[in-house]
Amino acid sequence: MATSAKKIAILGGGFAGLSSVASLKEEGGFEPVCFEKTSNLGGTWFYREEVIDGVASIMPTTIINHSKEMGALSNFPPPKELSNFMRHNELYDYAMDYFKFNDVLKHAQCNMEVMKVRRAPDYEETGRWIVTVKNTISGEEKTDIYDGVLVCVGHVNRPQMPSYPGQELFKGKILHTHSLRGVESYKGKNVVVVGMGCSALDAAVDISSVAKQQVYISTRSGAHVLQRVGPHGYPFDWTLARRFLMFLFDIIPFYIFSWLFECLYIDPQFNQKLYTVKPKDYFLSKDPVVNDHLAAHLLSGLVIQSPDIERFTEDGVIFKGDTEVTKADAVIMATGYSWKFPFLENDVIVKEEGRFNLYKCMFPTQLHHATLAVIGFILPFGPGFPVGELQCRWATQVLAGKCKLPSKEVMLKDVIDRNDYNVRRYLPNEKMSLRVDYIPYCDDIASQFGAKP
């Protein structure tokens, strides 16, 4: 007697969600149903002018921070005609070609917002879930039972806005880079960008091409900035993402390895220590920062680096250590994102003692059945697409019953060990337990289902 296909709900129609559908179809024996809140698939990489709450966004000039060679899907290499570092539209087209090739799109339903995910009455026996979705156009809700759930909504979609003394007095514009669309509206204006991550540097560099006199980039701790062009003109990650370096990283303390890397590779290209706010932390203790143009814009005076903001005034800001007001027409916050899964029960994704209790950053350790996994809720030190693909493939094998998770005690110990290591290495962050190194993590996940090379 034939076994009926398992019905799987995939929450989110971005890269992680559609890649999950592709993996489920490749395995067979599943009926995947993908729900996407917006009217377009593609998630982060579908550029949209409007700002939607809970939906990731990019700027018109966004370029991927990993090369196509290092970030390619395992069985679908990018066309050789594409740029080494793809523009956002090229990356979107590449991903959509992959999904079309695997006949994924017919399984996705757009304009469907997930409202509730609850354990079914027979969950203890079956591991099934009840999922309620709402059509964002008609308002109609529908509920169905699924054998498994893959949560693929990302974690860079809810902006974090800091608060400074006097901020309410400021008569200019304050926004987050999540809402930044183009730079023409800043023509003839003085702008302060708060932050020193990739989005902050992209915003500062882009705006400086049209701003009136000055763009200021305000940072508390500085950063070591990488450029996409590596030694001899090759992509930097093609040079650096090597197993022999990971081997050295295993035997040399991270702070010594980081110091050597800064001295031998980063500083000869662009020594951030020469500027106002020197990096206070090791390169390997925070998210990598990539920008090709910051050095030239600092040298030419188009961008001025400044300390953190002490307070706002009506017509500008006062930086720490200054006594005079720096005039500003707009302040742009590039200050990161928070996370939220409002549709899940509170005890599904548990945060305890500052860590997320997710086994391998995917499976809630306390659940009785391995029928719910989180895909893409991770901060890889390296390209994200290969990490996401492996997560999808492992989750598929677990849902198919071909892989078993260890005991709750073993899973929790793995979570605690990862978090403890990250606490020793990284600066404090609410997503501490989600940080992973690209090559070791890929090896770890691949080994779970017998695919480690």
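In the predicted model, helix 9 (residues 385-399) and helix 11 (residues 438-448) pack with their axes 9 Å apart and at an angle of about 15°, where axes are lines fitted to C-alpha atoms over the stretch in contact and angles run from 0 to 180 degrees between N-to-C directions. Helix 9 is therefore roughly parallel to helix 11, a term that covers angles under 35 degrees. In this pair, Pro386, Val387, Leu390, Gln391 and Trp394 of helix 9 meet Tyr438, Tyr441, Cys442, Ile445, Ala446 and Gln448 of helix 11, contact meaning heavy atoms within 4.5 Å. The residues of this contact comprise nine nonpolar, two polar and no charged. Helices (H or I, at least four residues) and strands (E, at least two) are DSSP runs, numbered from the N terminus.

Strand 16 (residues 316-319) is covered on both faces, with Gly316 and Ile318 buried on one side and Val317 and Phe319 buried on the other, where buried means under 20% relative accessible area with a 1.4 Å probe and protein chains only. Strand 15 (residues 309-313) pairs with strand 16 in the antiparallel sense over four bridges, pairing being assigned if DSSP finds at least two bridges; a hairpin through two residues joins these strands, and isoleucine 309 stands opposite phenylalanine 319. Strand 16 also runs antiparallel to strand 17 (residues 326-327), to which two bridges join it, and glycine 316 has lysine 327 as its bridge partner there. The hairpin of strand 16 and strand 17 has six residues between the strands, and glycine 321 in the turn has a positive phi of about 90°.

Residues are numbered from 1 along each chain as its sequence is written. In this predicted model, local features need pLDDT of at least 70, and side-chain atom pairs count only at pLDDT 80 or more.

How values were computed
Side-chain values use heavy atoms; hydrogens and water are left out. Angles under 35 degrees count as roughly parallel, over 145 as roughly antiparallel, 65 to 115 as roughly perpendicular and the rest as oblique. Ala, Val, Leu, Ile, Met, Phe, Trp, Tyr, Cys and Pro count as nonpolar, Asp, Glu, Lys and Arg as charged, and the others, Gly among them, as polar. Buried means under 20% relative accessible area, exposed over 50%, partly exposed in between (1.4 Å probe, protein chains only).
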